[in-house]
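Subject: Structure for you to look at

Hello,

Here is the structure I said I would pass on. Please open it beside this message and follow along; my notes come after it.

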Amino acid sequence: MHRRPILLVVIAAAMCLGVVADMGWRHLQSSHPAMVENDQQAGSDGQALVDAVPDDAAGSYERDRVEVASRTTTGPRVARESLESLAAGQVPVMQKAIAITVDGQAVVAVADEAAAQQVLDTILHQYEENYLGDATVVEELTFSESVSWRETEVAQDEVKSVEEAVNVLLLGTDKVATYTVVSGDTAWDIAMEYDLTTDQLARANPGVDLELLQPGQQLTITYKEPYVHLRSVAQRQVEEGIPFVEETVEDSSLWPWESEIVTPGKWGSRVKMLREYREDGELVSTEVLNVEVLSQPQRQVRKVGTKQVPDMGTGSLILPVVGDLTSKFGPRWGSWHSGIDLATSTGTPVKAADSGIVTFVGWDGGYGKLVKIDHGGGKMVTYYAHLSGYNVSVGQAVNKGDVIGYVGNTGNSTGPHLHFEIRIDGQPVNPLNYYP
Ligand SMILES: [Zn+2]
């Protein structure tokens, strides 16, 4: 549906550019029938090769160009391979072909117009498949360059298949070569050897530190530089959820650690129409064209317990473990130590300092494995931290002296010890005040 306009653009461009003068081959410059402007291609013995070309060979193959090359050093040169094969009496067979051009420059040759069309179609369709598969409307899909074709004449073996031509246009080459580093190589040497800049060599070998080359290391010496780039504008519809909010209702029949969902929440949904701008598949910007809410989210109602633990504490505490007091309550290392540290071996049973109800059993950040006991009356809560294991569960009533867990080294702890903390109305107080 949306392909037709693109192909029309391509064909129109082809007709316009058909009359543009030959500006030289880009991809084909190292291959033999092509003219090159780079003196290095012919090499220092280029003139000798030119001289070695038999008259009849030159006569039947691009005689004019060979003659130009033999007379002047500033004019275009015949590529080295071409001269070699001509000197060896191998005259390439020329044939009519179609040159695919990018911004007026011939890049690669294919057999006929149908093949050229197929090359461009393949590139466009590959892009569509890779990046626009779920688009609802493709508004634009074009080459960033002016891509067209024109008739030309090339050596038979320069005519590429559709697949090869696609690779040349998209990768800048139809083959990827590697080089094995030998002792003494520098990135600069290798780059020079293969007519690359060190920057291109680096980009062809992402993740390789060119400063630290090792003998035996493989480097890619084909720098992929696409001749064509594509850009697209397409609309895409996405459906997404709208999260619900939660409302809490207090319930005095539940314990504070209990909660109950009264009305479960429900996600809503909306459909967004997006316009996505892509370059070579990469998303560069997005516009939101339209948002349609299909269903509104439904709020969730949760009951949270406020039932107060009855006063169960005796008021006189026992030490949860016997151990060395390695850290007191108060300022420590620029912060505040909210309890006392009692060092003893891992696995030592930890006792409830007073009677109460276990309100928390689990991991809590720097506390590591933690047990909290609420001693009731809305007053005192004790914390037992860095445990290696538990012996109680949430909601369980415990008596003073019951084993609730075991000394460990979990959370922010540098050795087995119990961190024991007492809170009154949520505020840590000095536990030693309770042990006269
Ligand atoms: Zn501590």
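The donor residues of the zinc ion follow the spacing H-x3-D-x77-H in sequence. Donors here are N, O and S atoms within 2.8 Å of the metal (3.2 Å for Na, K and Ca); water is not among the atoms, so sites may look incomplete. The zinc ion is coordinated by His337 through NE2, Asp341 through OD and His419 through ND1, at 1.9 to 2.2 Å. Asp341 lies in strand β19 (residues 340–343) and His419 in strand β27 (residues 417–424), 78 residues apart, so the pair links distant parts of the chain. Helices (H or I, at least four residues) and strands (E, at least two) are DSSP runs, numbered from the N terminus.

This is a predicted model, in which local features need pLDDT of at least 70 and side-chain atom pairs count only at pLDDT 80 or more, while totals for chains, interfaces and linings use all residues. Residues are numbered from 1 along each chain as its sequence is written, and side-chain values use heavy atoms, with hydrogens and water left out.

Are Asp341 and His419 buried or exposed? Buried means under 20% relative accessible area, exposed over 50%, partly exposed in between (1.4 Å probe, protein chains only). Asp341 counts as buried because its relative accessibility is 7%, and His419 is buried at 5%.

Next, a sheet. Four strands form an open sheet in the order β6-β3-β4-β7, with mixed pairing. Two strands pair if DSSP finds at least two bridges between them. β6 and β7 are the edge strands, each pairing on one side only. β3 and β6 run antiparallel and are joined by nine bridges; Lys96 stands opposite Glu153 in β6.

Then the helix α7 (residues 162–171). Its buried residues are Ala165, Val166, Val168 and Leu169. They lie on the same side of α7, because they cover an arc of only 160 degrees around the axis (the arc of the directions from the helix axis to the C-beta atoms). These buried residues pack against β3 (94–102), β4 (105–110), α6 (113–131) and β7 (159–160), where contact means heavy atoms within 4.5 Å. Just after α7, Gly172 takes a positive phi of about 90 degrees.

Last, Val110. Leaving aside neighbours within four places in sequence, Val110 has contacts that include Ala97, Ile100, Val119 and Ala165.

Regards
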